[in-house]
Amino acid sequence: MPMHLSLNLSEFGRHSGAWRHDVSDVSRMPNLEAYLHASVTAERGIFDQVFIADTPVHSRGRTSVTGTRLDPFEMAAAIAAHTESIGIIATISTSYNEPLDVARRAASTDNILGGRLGVNYVASTGDDTARNFGRERQLPHDHRYARSNEFIEVVTELWAASGRAGSTAQTIEHHGRFFDVTAALEITQPVAGRPIIVQAGSSPEGRDLAARWADAIYAGGSTLERAQEYYADIKARAVAYGRDPDSVKVILGVMPFIGETVEEAYDLQNTLDGNHVEGADTIAHLSKLLEFDLRPFDPDGPLPFDQLPEVTSASVSQATLFTRMAREEGLTLKETAYRSYVGGLANMQFVLTGTAVQIADEMERWYEAKTCDGYAIVAPILPKTIDDFVDLVVPELQRRGLTRDHYEGNTLYDHFGAKTPREIAPVSG
Amino acid sequence: MIITTRLSAGLYADLDEWSSVARRIETSGVDALVLDRETGPRPAPFEPTTLAGYLSQVTETIGIVAEDSALYPQPYHVARRLATLDHLTEGRAGWRLGTVGLTTEARGYEWVSPSASVDRVRATEFAEIVLELWDSWEEGAERPDKRAGDFHDDSRIHPIDYRSTSFLVRGPLDVPRSPQGRPAITVDVRDADDAELASIFADVAVIRTDSASTATELAAKLVDAIAGSGREGEVRILLAVSDLDRTGCLSVSAEPGEAVREIADAVAAIGAHGAEVVSDGSLESLDWLCDGIAPALTEPTSLPAESPAGLLARLGLADAARFGRRAA
């Protein structure tokens, strides 16, 4: 199976300093051309899919700027008109959606895409998000994943019972803990039976949900060993659910800074970091993340590790990550704050800075070391990164026989080399 | 006069067919394509909002109006997806309020409708919330300032803090203000309650009845209700017509010349601004519409070529569109 390639779609790139770069066009918001160009270019590079992240809440302030928010299914339907083979993963929140509505729109979008849709199911957190949907605060932790699991059960039942051309749908009866659904879908069944299922989450519940359901899980990792551990764990969990371990792809996030020379690559990285931090109160940001006021402490001293509380909010993963990073690398408070602030998602991924050959070398090394089945390119700046990646890195990967040089089919199931749901029995939880 | 066309999202299974039909209708001068949910016994491959997303990319000037529920599940999602559609179409989008649920989904959501009158209240609140969310970004709030480091101007983006017995929506919307300011809103009018709802929310109110006398009554009720809501001049009234029988709207001749006269007379008789043509998407019906009816009844748009050809502007409503209407 060739190395899987995915591109995280955004207007300017996933580095929060990207939009401030001289080359970034901020004259039109949203900049739809940017999304289309990135998708079309990724398709030229024979990427398996592009990925649309989403949280249905307005994000105030400057700390994490990744572009304009738009409805993912609408975007996917629009991108469908400009592409032919590349898959599109749309994110939806299982916490703040109901399965019937999602089943309908996803089925329609998959039919528009001819089998190229994947859905990333997120057990969203965040009180702010909850308040857009009738709740005073986010769902309790143990509810979120239970609801997410049941959500996927219900949409799967609806799709399995839906009609194909010429036949009518059957009514499903689902009376569960979170959803009470007696309904039939008026949309024809998605092309392969149901859209590809994607997950992204490193918590035990997220890993478990992925092992039970997902065709792909998006992972972040900061060291090779940690990524290997994660990979092995996901595969083992899939086996425990009676699945072929190859049927769950582990897609590792990587943020590549590509340059003709190493110096050029580092220049880009430093420019973007500098753009983002300029004028920012990084210690306030870290304080918010760790739910502890760090301002009284010496910025050139270490974090007050023994005083930090248990983080309960949206950013458990990030809080853990930076605390661990500070401890392991002996970072000062100021350095940790800077790292947590810059790059948005960058610190969640592994970062590669160098020439195309160096980047291909590292991607190959990690892939051969069983850390992943492929990569999610978390492009720091768009369109530059995807243009460079497709023009310079992809030919290297293809030359080494690691990635495809042409599509062998036109659905996501084809790209994944996966059996469609019609060919496999459903897994009960 | 204004001419719109209503098609079911289930009419064609092939996107190339959809594209060529949409473009043909666009070229004929029709002002907007209204996409309805398929309600027949056979399932459809597409539903209106996502089909509209696709068609946004293969059309250039025609309005694209998608039916979406004003009952379930949540107004925030409807506000996002229609605002996104307005961005994708560069200001040509519209929302047709779905105030009647499909029987196949009656027990499909957390909220179960107890009665039509409760539906009415819920639809009213739902539409209020969507309108307020569309208005939560002031014009220009999305302008990024590279030097200052502000991606958008938070001081000009406002929560809506909507609370009722059914809804809690803090907002603001996460999608920026759309090119037209907000998508256009169309409401079907079949009875006095519909007229009331339309008077509060509609940019376009479509009178649907197969009886000419009922059409006259409904038009009168609508005009009264619009006056009562203080919105004279802000609502375009259309009469639903069809070359087909048993469509729930006024049936006119299949012979285009005759039909043009019948439509013109019927529209004038009730003081409407135009007609919504319900088509079954067949070649005969499309020929009748695109070669006969639309060219005879529409005028080439009088907007200057350079101006953004938004749907509200096309309907002559760009200045009249007000926001944040709360029902009494």
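Hi everyone, and thanks for coming. A quick word on conventions before we start. Residues are numbered from 1 along each chain as its sequence is written, while chains are lettered from A and ligands numbered from 1 in the order in which they are written. Since the model is predicted, local features need pLDDT of at least 70, side-chain atom pairs count only at pLDDT 80 or more, and totals for chains, interfaces and linings use all residues; side-chain values use heavy atoms, with hydrogens and water left out.

Let's begin with chain A as a whole. Its secondary structure comes to 14 helices and 11 strands; these are DSSP runs numbered from the N terminus, helices being H or I with at least four residues and strands E with at least two. How does its radius of gyration fit a compact globule? For 429 residues such a globule would be near 22 Å, and chain A has 21 Å, which agrees. That radius is taken over C-alpha atoms, and the globule rule is 2.2 Å times the number of residues to the power 0.38. Along the principal axes, the C-alpha atoms of chain A fill a box of roughly 70 × 50 × 45 Å.

Of the 429 residues in chain A, 62% are buried. Buried means under 20% relative accessible area, exposed means over 50%, and partly exposed is in between, with a 1.4 Å probe and protein chains only. As for contacts (heavy atoms within 4.5 Å), take those in chain A between residues at least 6 apart in sequence: 77% of them join residues at least 24 apart.

Now look at strand β3 of chain A, residues 87-93. Seven of its seven residues are buried. On one side sit Gly87(A), Ile89(A), Thr91(A) and Ser93(A), on the other Ile88(A), Ala90(A) and Ile92(A), and both faces are covered.

Strand β2(B), residues 32-36, is largely enclosed by the rest of the structure, because five of its five residues are buried. Ala32(B), Val34(B) and Asp36(B) point one way, and Leu33(B) and Leu35(B) the other way. Strand β1(B), residues 2-8, pairs with β2(B) in the parallel sense over five bridges, and Thr4(B) stands opposite Ala32(B). Between β1(B) and β2(B) the chain crosses through helix α1(B), residues 15-27, in a right-handed crossover. β2(B) also pairs with β3(B), residues 63-69, in the parallel sense over four bridges, where Leu35(B) has Ala66(B) as its bridge partner. Here too the crossover is right-handed, running from β2(B) through helix α2(B), residues 48-55, to β3(B).

So where do the chains meet? In the interface, 59 residues of chain B are in contact with 70 residues of chain A. The area buried between them is about 5,400 Å², and carbon and sulfur atoms give 56% of that. Buried area is the accessible area (1.4 Å probe) that two parts lose on being put together, summed over both. Pro43(B), Lys146(B) and Phe151(B) supply 14% of the area that chain B buries against chain A, more than any other three residues.

Finally, a few backbone details. Two peptide bonds to look up are cis: Met29(A) to Pro30(A), with omega near 0°, and Leu382(A) to Pro383(A), with omega near 10°. Pro30(A) lies in the loop between β1 and α1 of chain A, and Pro383(A) in the loop between β11 and α13. Glu291(A) has a positive phi of about 55° although it is not a glycine, and Glu291(A) is partly exposed, with a relative accessible area of 33%. In chain B, Glu90(B) has a positive phi near 55°, in the loop between α3 and β4.

How values were computed. Pairing = 2+ DSSP bridges. Right-handed = clockwise from strand over helix to strand, strands pointing away.
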